[in-house]
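I opened a new notebook page for this chain. The entries below follow the order in which I looked things up.

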Amino acid sequence: MTHDGSDTPNRRPGRPRSASSRAAVLGAAHEVLAEAGLAGFNIDAVATRAGVARTTIYRWWPNKGRLAIESFLEKAKAQADFGDNLSPRESFERLVLSAARLMSGPSGMIVVSILLEAQKDPDTLSVFNETYHFELRERSKRLLQRGISSGVFRSDLDMEAVLDAAIGAIYLRVLLGHEIDEPWARALASNLIEGMVPDHFSSRQHLQ
């Protein structure tokens with residue numbers, strides 16, 4: 001019985017049905033994307049797995065590319081670790097490690113499939129860049145700028161070159177099917193840092 005004397009039970013408010021359905025679609029989309037890549041990504045498969053109608057999906061996403069990329073972003077952004085409370089050197093190492101960890105799992109092949117599709121679909125490339133790549137790159141550059149401003153990194157550091165070297169090395173290993181493990185990622189970060197610090201302050205000296 002409720003507080004007003006009626007026999008209708010009280011119901012706790014939950015998430016709106018639309019929010020619940022949207023979460024189910026994103027989860028199902030990520031599973032399909034991990035299994036089939038973007039080329040094999042299919043709205044019907046997502047709808048069936050999520051238990052929703054195709055019209056529900058198209059209500060929120062205009063095409064399969066945007067749905068696929070957003071489902072990837074839900075996972076990828078949660079794993080990005082910039083170590084904001086650490087020193088610039090430690091933050092950069094944390095960034096490289098988190099990128100390597102992300103790309104060593106199913107997300108690595110998802111990124112490859114997205115980039116392959118993007119070569120023939122400008123909209124896919126635009127969505128990937130605007131919603132993921134550009135944002136993470138800008139955050140990474142702010143991390144490097146913090147190191148430059150504090151004198152930990154060289155004042156003439158080419159931030160674009162550093163990020164290309166770090167992320168490019170990881171992407172290359174994914175494409176070639178080479179293992180990406182933590183020791184390799186730490187070595188990559190350490191070698192890059194050696195070239196990022198002023199000549200009078202090497203990272204090896206810093207660790208001693």
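**Entry 1: confidence.** pLDDT is the predictor's confidence in each residue, on a scale from 0 to 100. I needed that first, as this is a predicted model. I looked up the chain average and found a pLDDT of 85, with 86% of the residues scoring at least 70. Over residues 1–15 the pLDDT stays under 50, and the model has eight contacts beyond four places in sequence for them. Over residues 203–208 the pLDDT also stays under 50; here I noted ten contacts beyond four places in sequence.

**Entry 2: the nonpolar core.** Which residues touch the most other members of the largest nonpolar core? I found F41, L67, F72 and F92, in a core of 58 residues. I listed the helices that each supply at least two residues of this core: α1 (17–36), α2 (43–50), α4 (64–79), α5 (88–104), α6 (106–118), α7 (122–149), α8 (159–176) and α9 (182–196). Helix α5 gives the most, with eight residues. I also checked the core against the domain bounds. Domain 1 (19–63) and domain 2 (80–196) both contribute residues, so the core lies between them.

**Entry 3: L67.** I took L67 from the core list and looked up its contacts, leaving aside neighbours within four places in sequence. L67 is in contact with V25, L26, A29, F41, I43, V46, I57 and W61. F41 in that set is also one of the residues that touch the most other core members.

**Entry 4: aromatic pairs.** I searched the whole structure for aromatic pairs and got three. I wrote down two of them, W60 with W61 and F72 with Y132.

W60 and W61 are edge-to-face, with 5.8 Å centre to centre and 80° between the planes.

I looked up the accessibility of both. F72 has a relative accessible area of 0% and is buried. Y132 is at 8% relative accessibility, so I counted Y132 as buried. F128 belongs here too, as F72, F128 and Y132 form one aromatic cluster.

Entry 5: I looked up E117, which is in helix α6. Is E117 buried or exposed? The cut-off for buried is under 20% relative accessible area, and E117 is at 15%, so E117 counts as buried. Not counting residues up to four places away in sequence, E117 touches L38, A39 and T124.

I then looked up E74, found in helix α4. E74 has a relative accessible area of 47% and is partly exposed. What is the C-alpha to C-alpha distance between E74 and L26? I read 7.9 Å for these two, which are 48 residues apart in sequence. L26 had already come up among the contacts of L67.

Note on methods:
Residues are numbered from 1 along each chain as its sequence is written. This is a predicted model: local features need pLDDT of at least 70, side-chain atom pairs count only at pLDDT 80 or more; totals for chains, interfaces and linings use all residues. Side-chain values use heavy atoms; hydrogens and water are left out. Contact means heavy atoms within 4.5 Å. A nonpolar core is a set of buried Ala, Val, Leu, Ile, Met, Phe, Trp, Tyr and Cys residues joined through side-chain atoms within 4.5 Å. Buried means under 20% relative accessible area, exposed over 50%, partly exposed in between (1.4 Å probe, protein chains only). Helices (H or I, at least four residues) and strands (E, at least two) are DSSP runs, numbered from the N terminus. Domain bounds come from an automatic or database domain assignment. Rings of Phe, Tyr and Trp (its six-membered ring) pair if their centres lie within 6.5 Å; planes under 30 degrees apart count as stacked, over 60 as edge-to-face and the rest as tilted.
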